[in-house]
Amino acid sequence: MIARRDVPARLLSRRELSPTCFSLLLATSEELPAEPGQFGMLTCGQGLDPLLRRPFSIAGVRPLGREWGVELLVKEVGRGTGWLRRAPLGTTLELLAPLGHGFNLEAGAAAPAALVAGGIGLPPVLFAAERLAEKGAPFDLFVGAATAQELLEVERCRAAVAAVGGELVLCTDDGSMGEPGFVTAALARRFAAGQRWGRVLACGPDPMLQALGRWSITEGVVAELSLEEPMACGVGVCLGCVVELADGRRVASCKEGPVFEASRLAARWRP
Amino acid sequence: MRVDLSTAVGALELANPVMAASGTFGYGLDLLDLCPPERLGAVVTKGLSPAPRAGNPTPRIVETAAGMINAIGLQNIGAEAFCQEVAGELARRGATVIVNVFGERPEQYRAVIERCEQAEGIAGYELNVSCPNVDHGGMEFGHDPHQLEALTALCRAATRKPLWVKLSPNAPDLVGTARAAVAGGADALTLINTLRAMAIDPYRRRPVLATAFGGLSGPAIKPVALRMVFEVHRALPAVPLVGIGGIETGKDVVEFLLAGAAAVQVGTAIFRHPAAPLRILDELEEFCRAQGVERVSSLIGGLQWP
């Protein structure tokens, strides 16, 4: 397991991705390797308000000259993310990472994986896609958003899928790009037509993950879901982010997750 | 100049006055890589009940202005698992461990203490009395001086180790409950626990937390906590106090010491910065050096009253 570190992280660059989303590249002086599905806790302000760090799924890590780069994709939803969108480049934040358990990219590698992202659930899925592409492991990628404008990093998705000869399926709720409707429906249609995957890796809004969890259990497909729960600490001590498992236990998603196999989860994610 | 950081809470001597608060530091072994427990004055464990508890449904936490509200529901692994799996390792590391104790009935408090008396390396106990007493229609132990005195006396009879009572700021009569805890045999008082609070989602027109109410913590409550520490210190100057509430900096610690606390606990700050107690300790030492304070303990109760 990769050791977590709490390090200064300099805001190196920012790119607008959509009307609501942007990407950040943070530079740290220490190497911060991470696996797809792992996350970091980032300060989103410099005083005591907002007080808590925000959890962000990591979209990618790479050496950056003599520094180390950590990429995040962020949706502006409140004060913390609004501050991140406007903080001057060069601002030093604090990043505690990598945290939690990510996707299992080894299991089921013989058959192609289905990678599924909804909205701002893209970062860990994109990270997984680019990692699988580097390894030459086959996968199909399903990316959904409310509108064409909110589909993020489409060219990177296309490039990752092209590297392994997979299919990129884009879906929008309003039909303004790709297939109209939810990604989960697009996945189920292909499954019904006989397409098969060794494993489904997914991140997105809770209703999407619930639908995917139920579908995967009904069809007997292993699905790993990256959950998002309100979180104060990210290191298992506040117990704010607990997720209920099928055996009744409530576990901290920051430590045991945020990625869980759907079959381990409680009724909310099951048929 | 070398600063003497040592202090004492009653008979319990501490290497420094900064502890990790209950519910913010796991059982003491969760943040070894970021904040080793043996470097703190003491660690206070997550509240332990005789049997494990699953806690409340989610959402359990919500951020508020310079603070947060939690309603974790006292989820914990139970006294047995703590004693078997955690206490020994804390002792080997040389950590000073205060076990936070709660129950829904007085005998459950006693059961936790009796179990922990068999374990190694436990320095003392802190009673969480903000728990509803199921034998008394759910009224919190800490809100009724008679119940509180009886509960403290029951626990007092179960141990000779230091016994602290963590007072609720929501009690109708703070000084009255402080007196009751001392009358029941408490060696020291920790104050304050969280302030009862709520957050509302204006779009959904519903409370944010699953249980509607929770406890407010963080810098937002520091002025209230300081006032309460000072009031209890003024009323009961001989009783050792442990200050807690929104401590984020070394200067915050100084303020609590001046108000009458012999030591402090850092809580919510750990959520933002797991190594916060160590940083705060460094800042405290730096403050003392800059101000010519040779012994931190000389600050206790040193407030100049107008």
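This is a predicted model: local features need pLDDT of at least 70, side-chain atom pairs count only at pLDDT 80 or more; totals for chains, interfaces and linings use all residues.

**Entry 1: helices and strands.** Before counting, I noted the terms: helices (H or I, at least four residues) and strands (E, at least two) are DSSP runs, numbered from the N terminus.

**Entry 2: the inside of chain B.** I looked up how much of chain B is buried and found 55% of its 306 residues. Then I took the contacts in chain B between residues at least 6 apart in sequence, and 71% of them join residues at least 24 apart.

**Entry 3: chain A, looked up likewise.** Here I found six helices and 15 strands. The radius of gyration of chain A is 18 Å, close to the 18 Å from the globule rule for 271 residues, so this chain is as compact as a globular protein of that length. Its C-alpha atoms fill a box of roughly 55 × 40 × 35 Å along the principal axes. Buried residues account for 50% of the 271 residues in chain A. Of its contacts between residues at least 6 apart in sequence, 68% join residues at least 24 apart.

**Entry 4: two domains.** What does the domain assignment of chain A give? I read off domain 1 (5-99) and domain 2 (113-269). The centres of these two domains of chain A, taken over C-alpha atoms, are separated by 22 Å. Where they touch, domain 1 of chain A puts in 21 residues and domain 2 of chain A puts in 22 residues. On the domain 1 side, β3 (39-42), β4 (54-64), β5 (67-75) and β6 (92-99) of chain A each give two or more residues. The largest share of that side, five residues, comes from β4(A). Sorted by class, the domain 1 side has 14 nonpolar, five polar and two charged residues.

**Entry 5: the core.** I went to the largest nonpolar core next, and it has 187 residues. Which residues have the most contacts inside it? They are Leu115(A) and Ala129(A). Helix α2 (residues 122-135) of chain A supplies the largest share of this core, eight residues. Domain 1 (5-99) and domain 2 (113-269) of chain A each contribute at least three residues to this core. Leaving out residues up to four places away in sequence, I listed what Leu115(A) touches: Val125(A), Ala128(A), Ala129(A), Phe139(A), Leu141(A), Phe142(A) and Leu201(A).

**Entry 6: two single residues.** Thr91(A) sits in the loop between α1 (79-86) and β6 of chain A. Buried or partly exposed? Thr91(A) has 13 C-beta neighbours inside 10 Å, so I put it down as partly exposed. I also saw that Thr91(A) and Arg10(A) are 81 residues apart in sequence, yet 5.7 Å apart in space, C-alpha to C-alpha.

Val251(A) is in strand β14 (residues 250-252) of chain A. Val251(A) has 18 C-beta neighbours inside 10 Å; a residue needs 20 or more to be buried, so Val251(A) counts as partly exposed. Setting aside neighbours within four places in sequence, Val251(A) is in contact with Val242(A), Val243(A), Leu245(A) and Glu256(A).

**Entry 7: where the chains touch.** I counted 29 residues from chain B and 21 residues from chain A in the contact. On the chain B side, β5 (61-64), β6 (67-70) and α8 (268-272) each supply at least two residues. That side of chain B has 15 nonpolar, eight polar and six charged residues.

**Entry 8: a closer look at β6(B).** β5(B) and β6(B) pair in the antiparallel sense over four bridges, and Ile61(B) has Asn70(B) as its bridge partner in β6(B). Their hairpin has two residues between the strands, and Ala66(B) takes a positive phi near 50° there. β6(B) also runs antiparallel to strand β16 (residues 213-217) of chain B, with three bridges joining them. In β16(B), Gly215(B) is the bridge partner of Asn70(B). Last, I checked both faces of β6(B): Gly67(B) and Ile69(B) on one side, and Met68(B) and Asn70(B) on the other, are all buried.

How values were computed: Residues are numbered from 1 along each chain as its sequence is written. Chains are lettered from A and ligands numbered from 1 in the order in which they are written. A nonpolar core is a set of buried Ala, Val, Leu, Ile, Met, Phe, Trp, Tyr and Cys residues joined through C-beta atoms within 7 Å. A residue is buried if 20 or more other C-beta atoms lie within 10 Å of its own, exposed if 12 or fewer, and partly exposed in between; C-beta atoms are placed from the backbone. Domain bounds come from an automatic or database domain assignment. Two residues are in contact if their C-beta atoms, placed from the backbone, lie within 7 Å. The radius of gyration is taken over C-alpha atoms; the globule rule is 2.2 Å times the number of residues to the power 0.38. Ala, Val, Leu, Ile, Met, Phe, Trp, Tyr, Cys and Pro count as nonpolar, Asp, Glu, Lys and Arg as charged, and the others, Gly among them, as polar. Two strands pair if DSSP finds at least two bridges between them.
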